[in-house]
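Dear colleague,

I am passing on the structure below, together with notes on what was found in it. Please look through the sequence and the model before reading on.

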Amino acid sequence: MAGRATRRTREVAEAFVRHMHAFAREVRLTEAEFEYGIDFLNRIGQATHDLHNEAILFSDVIGFSTLVCLLNNGNAGATETASALLGPFWRMNSPCVANGGSIVRSPTPGPALFADCRITDPTGRPLAGVEVDVWQASPVGLYENQDPGQCDMNLRGKFTTDADGRFSFRSVKPAGYPVPTDGPSGDLLRAQGRHPFRPAHLHFLGFKEGYKTLVTQVFVDDDERLESDVVFGVTAHLVGNYRPGKGTPPAPDVTGPWYRLDYDFVMEPGAAKLPRPPIK
Ligand SMILES: [Fe+2]
C-alpha cells in the first residue's frame with residue numbers, strides 16, 4: 001500500500017487486515033468455520049434487495065452501527081448525544097405532511113398518538129425550516145415495506161419545522177417489534193441465544209443546511225426491552241415521555257386510550273448530508 005493509497009485508506013485497510021488476522025489467530029479459526037463465514041457473508045449480500053438491507057441489519061445486531069454513531073456524535077463520544085442508529089428501514093422521499101397532520105395512511109391498530117416536537121440549536125434557539133422525516137413500524141410489528149397489509153408509505157411522513165422550531169403530527173403509539181430473522185442475522189441471533197426484539201420507538205431524521213443531519217429514535221418509556229434492545233440503540237437521553245391522554249382527545253374520531261409525546265431535539269452546527277437510503 002506504500003504506492004497510491006491515500007493515508008486514510010492505508011490506515012483503515014491496514015487495521016482491518018491486522019484485526020481480521022488477529023481474530024483468526026485468537027479463535028484458532030477452523031477451515032469449516034472459515035467456509036461458514038464466507039457463506040455467511042455471501043448470504044448477507046444475497047438477502048439484500050430494494051426493500052431489505054441485510055448488511056445494515058447485521059451491523060445493527062452486532063452493535064457496530066451504534067458504536068459508529070456514538071463515535072461520530074456527542075463530541076466523539078465524550079458527551080450525551082441526541083443521535084441514534086439509522087436502522088435498515090429509512091426511505092427517501094417520504095410524502096410531505098402539513099404540521100399537525102397524520103402519518104396513518106391505511107387502517108392501523110393501536111392507540112392514537114399526538115406528538116409535539118421542537119428542534120433548537122445547542123444554545124436553545126429554535127430552528128425553522130428543518131425537514132424532518134418520521135417513520136415507524138405498525139403495531140403489528142412490521143414497516144409498510146415489509147407488509148402487504150399496509151399501503152405504500154404508511155406511518156411515514158416529512159414535516160417542516162415552523163418559525164418556533166416546532167413540528168407536530170398524529171400517528172399510533174409504536175409497539176416493539178422483532179427485526180427480520182429469516183436471513184443470516186437471524187441465524188446469528190439464534191446461535192447466540194438472543195431475542196430479536198426492539199423496544200417501541202419512533203424514528204426521526206432532521207435535515208437543514210448548516211447543521212449536522214440528525215438521525216435518531218425516541219423510545220417508549222414503559223417498554224420492557226429498553227435494556228435489551230437487539231440493536232443496542234437505547235440511551236437514557238432518547239427515552240421519551242409517552243403520557244396517557246386525559247380529557248377530550250385532540251381529534252373527534254379518537255375512541256379509547258390515546259397518548260401524547262412532547263420531545264425536544266438539538267441539532268449541532270455542521271455539514272448537512274443525507275445518509276444513503278438503506279432501501280428504496
Ligand atoms: Fe425501527
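In helix 3 (residues 54–61), the residues E54, L57, S59, D60 and V61 are buried, where buried means under 20% relative accessible area with a 1.4 Å probe and protein chains only, and helices are DSSP runs of H or I of at least four residues, while strands are E runs of at least two, both numbered from the N terminus. This is a predicted model, in which local features need pLDDT of at least 70 and side-chain atom pairs count only at pLDDT 80 or more, whereas totals for chains, interfaces and linings use all residues. Residues are numbered from 1 along each chain as its sequence is written, and side-chain values use heavy atoms, with hydrogens and water left out.

The buried residues of helix 3 pack against helix 2 (31–47), helix 4 (64–72) and helix 6 (184–192), contact being taken as heavy atoms within 4.5 Å. Just after helix 3, G63 takes a positive phi of about 75°.

N53, in the loop between helix 2 and helix 3, is itself buried, with a relative accessible area of 12%. A side-chain oxygen of N53 reaches to within 3.3 Å of the backbone nitrogen of A55 at the start of helix 3, and the side chain of N53 also reaches the backbone oxygen of P278 at 3.1 Å. Not counting residues up to four places away in sequence, N53 touches T48, P88, P278 and I279.

Turning to the metal site, the iron ion is coordinated by Y143 (OH), Y177 (OH), H201 (NE2) and H203 (NE2), at 1.8 to 2.1 Å; donors are N, O and S atoms within 2.8 Å of the metal (3.2 Å for Na, K and Ca), and since water is not among the atoms, sites may look incomplete. Y143 lies in the loop between strand 2 (131–135) and strand 3 (156–160) and Y177 in strand 5 (residues 177–178), so the pair ties together parts that are 34 residues apart in sequence. Both Y143 and Y177 are buried.

Finally, the largest nonpolar core has 31 residues, and those with the most contacts inside it are F167, F169, F204 and F265; such a core is a set of buried Ala, Val, Leu, Ile, Met, Phe, Trp, Tyr and Cys residues joined through side-chain atoms within 4.5 Å. Apart from it lies another core, of ten residues, among them F89, L205, F207 and V215.

With best regards

Terms used:
Buried < 20%, exposed > 50% of the residue type's maximum accessible area, 1.4 Å probe, protein only. Polar contact = N/O pair within 3.5 Å; in protein donor to acceptor, adjacent residues only side chain to side chain.
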